[in-house]
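Please examine the sequence and structure below before reading on.

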Amino acid sequence: MRVRGIWAAWAAVLTAAWMLALWAEQGQGLVAGANGESVQWAWLLRRDLLLLTGVWSLGMLSLTMWLALRQPWMERPLGGMDQVYRLHKWLGTTAAVAAVMHWIAKESSAWIKTVWGTAGRPARDAMLPWLAEGRSWAKDLGEWAFYALLLLVALTLWRRLLPYKPWRWLHRVMPVLYGALVFHSLVLLPQAYWQQPVGWLMGALMVLGSAAALWALAGRIGRARRYAAQVHAVQLLGTRPAQDPLEVLCALPAHWPGHRAGQFVFVRWDAWEGAHPFTVASAPGACGQTADGRTLLRLVIKPLGDYTAQLHRRLHAGQAMQIEGPYGRFDGRAPHADGQAVPVQVWVAAGVGITPFLAWLEARQPGSMPHAEAPGDGLSAAHLHYCTRDAATDRLLPRVQNLCAEACPPMGLTVHDAAQGQWLRPQDLEHHGPELDLWVCGPQSLGDALQQGAQAVRAQGGRWRLHREAFGMR
Ligand SMILES: Cc1cc2nc3c(=O)[nH]c(=O)nc-3n(C[C@H](O)[C@H](O)[C@H](O)COP(=O)(O)OP(=O)(O)OC[C@H]3O[C@@H](n4cnc5c(N)ncnc54)[C@H](O)[C@@H]3O)c2cc1C
C-alpha cells in the first residue's frame, strides 16, 4: 500500500511540475507557434507527450537509482528493505513504460506528416546553447539506451529468460544506461524549462541520480555496512545435503552494530559470487560470544539453488566471510494506537520462511530479554502456523516445537504437514478472530492466498493486518 502510494505521489509530483511549464507556455502564447501561426493540434500533442513522458521516465529512473543505494533510513517510510526493492522495481518498470511512450511520440512524426502534413509543426524548442552541438549524439545515445533499458526490464520481469546470476551481472550496466539518458535529457530539455520548477526538479534529479550511479559503479553500495566476519561452526541439520538445511554460526567483529530479531543480512563467502541475503535465525545475544569476545549469530540455509546447494561442501570453520547489514523491519512490531486492544498475533511460516520466526521465538525464551522486567513483557500472545513439506523428516520442526513450548508469553503451534495433505488455507486462521496481526514469511503463493483471505475478512467487517516478508529481490 505504501509502495503504491509513494509511486503515485511521485508520478503526481512529476506531472504537476510539467503542467506548470505547460501553463506558463500557454500564458506566453507559445502554443500558438514560434511565428504566431496556429499550431496543428497533432503536432502539439506529440510535443507535449514527448516532454511529459521524458519527464516521467527520467524522474522515475532517478528515484530508482537512489533506492538501489539500499540505505537503512529508507526502510522506515517504506516498511522494510523488501519494500524498498519493490518500489525500485515498480519505478524501473514504469520508467520503461514511459520510455516506450516517449519513443512512440517521437516516431509518430512520420505518421502525422503523412496524415496532416508539416504545416503547423511547432518550431524546434531552443536547447541550452552550450550543448547544441551534442543534439544528434544525444538523440542516438538516448535511442540505444532506450533499447537496452527495455531489454533489461524484460529480463527482470520474465525470469525464465535468464537465470538470476547472469541477470544480476547484466543489471550492473544500469548506472551506465542512466548516465546516457541523463545526457540525452540534459541536451534535449527545452531551454525554457531550466527557468521553471520542472527544470529545477529535473536538474536536481539528474545530479542526485548521477551521484547514485557513480556510487554504484564504484562498488560502494552497502560498503559502510560490511563487516569482516568468520565462519565459527557449520553443521548440516540432517543427513541429506540436497534437502536438509545447513546451520552456520558466524563470528562478528566487536564493531558489529547488532540486529533485531527478524532482520536479514547479505553474506559473501566467495569474492566471485555475489552477496546472498539470509535472515539471522537467532535472537540478539542468543548465540553468545566467542572466547575472544566476538558476537555470534546463526544462519539457517536451505539448498534452494546452485550456490546454496554447494555450501555444505564449501564452508568450514575459520573461513573468512563478509556480512552486510542488518536490514529489514520484519520484527513483529505493529503500530497500535494508544488505548486500543493489541490484536492477536498470528505468525505463518512455510519452509525456510521459518527463519525470522526462529529468531522471534528465541527472543521469547526466558532469560533472553535482559531489559524486560519480567519474561514476556511488552510481547503479545501469538500463535505460529508452520507449513512443512514433510513433518516426519523436517529437521527444524523439533526445534520449533521446543521453542514454542518454552516461549514466554506462551505460544500456540499448529503444524501443516503437506505430506499428509494438510495445506494451510485462509479459513484455517478464522478461528483466531476477525482482528488479527498477521505476519507471513514463505512462498509468494501462500502470501497471495492470505492476502485474499484478509480482503474477504475486511469485506465482512473484520481486519487482518498483514505483514509479508518478500523473499525475492528480482
Ligand atoms: C530477505 C531474504 C531473506 C532470506 N533468508 C533466507 C534464509 O534465512 N534461509 C535461506 O535458506 N534462504 C533465504 N533467502 C533465500 C536465499 O537468499 C536464496 O535461496 C539464495 O540466495 C539462493 O541462491 P542460489 O545461488 O543457491 O540460488 P539460485 O538458483 O541462483 O537462485 C534462486 C533464487 O534465489 C534468489 N537469489 C539468488 N541469489 C540471490 C542474491 N544474491 N540476492 C538475492 N536473491 C538471490 C533469486 O530469487 C533466485 O531466483 C532469503 C532471501 C531474501 C530475499
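The ligand lies between domain 1 (2-217) and domain 2 (223-327), because both give residues to the shell around it; domain bounds come from an automatic or database domain assignment. The model is a predicted one, in which local features need pLDDT of at least 70 and side-chain atom pairs count only at pLDDT 80 or more, while totals for chains, interfaces and linings use all residues. Residues are numbered from 1 along each chain as its sequence is written, and side-chain values use heavy atoms, with hydrogens and water left out.

**Ligand shell**

- The ligand is surrounded by 22 residues, of which Ala275, His276, Pro277, Lys302 and Thr308 are the closest; a residue is near a molecule if one of its heavy atoms lies within 4 Å of it.
- Helix 6 (164-171), strand 4 (276-279), strand 5 (295-301) and helix 9 (306-314) each supply at least two residues of this shell, and strand 4 gives the most, with 4 residues.
- Helices (H or I, at least four residues) and strands (E, at least two) are DSSP runs, numbered from the N terminus.
- By class, the shell residues divide into 12 nonpolar, 6 polar and 4 charged; Ala, Val, Leu, Ile, Met, Phe, Trp, Tyr, Cys and Pro count as nonpolar, Asp, Glu, Lys and Arg as charged, and the others, Gly among them, as polar.

- Arg168 places a polar side-chain atom 2.9 Å from a nitrogen atom of the ligand.
- A polar backbone atom of Pro277 is 2.7 Å from an oxygen atom of the ligand.
- An N or O atom in the side chain of Thr355 is 3.1 Å from an oxygen atom of the ligand.
- Of the 890 Å² of accessible area that the ligand has on its own, the protein covers 87% (Shrake-Rupley method, 1.4 Å probe).

**Domains**

- The protein is divided into domain 1 (2-217), domain 2 (223-327) and domain 3 (344-469).
- The C-alpha centres of domain 2 and domain 3 lie 24 Å apart, and 20 residues of domain 2 are in contact with 13 residues of domain 3 (heavy atoms within 4.5 Å).

**Backbone features**

- Most residues other than glycine have a negative phi, and most peptide bonds are trans.
- Gly325 and Pro326 are joined by a cis peptide bond, with omega about 0°; Pro326 is found in strand 6 (residues 320-327).
- A cis peptide bond with omega about 0° also joins Cys408 and Pro409; Pro409 is found in the loop between helix 11 (397-406) and strand 9 (411-417).
- Arg70, although not a glycine, has a positive phi of about 35°, and is placed in the loop between helix 2 (41-67) and helix 3 (75-78).

**Confidence**

- The mean pLDDT of the protein is 90, and 92% of its residues reach 70 or more; pLDDT is the predictor's confidence in each residue, from 0 to 100.
- Over residues 370-375, pLDDT stays under 50, and the model has 3 contacts beyond four places in sequence for them.
- Where pLDDT is low, the predicted coordinates should not be read in detail.

Conventions. A polar contact is a pair of N or O atoms within 3.5 Å; within protein, one must be able to donate a hydrogen and the other to accept it, and residues adjacent in sequence count only if both atoms are side-chain atoms.
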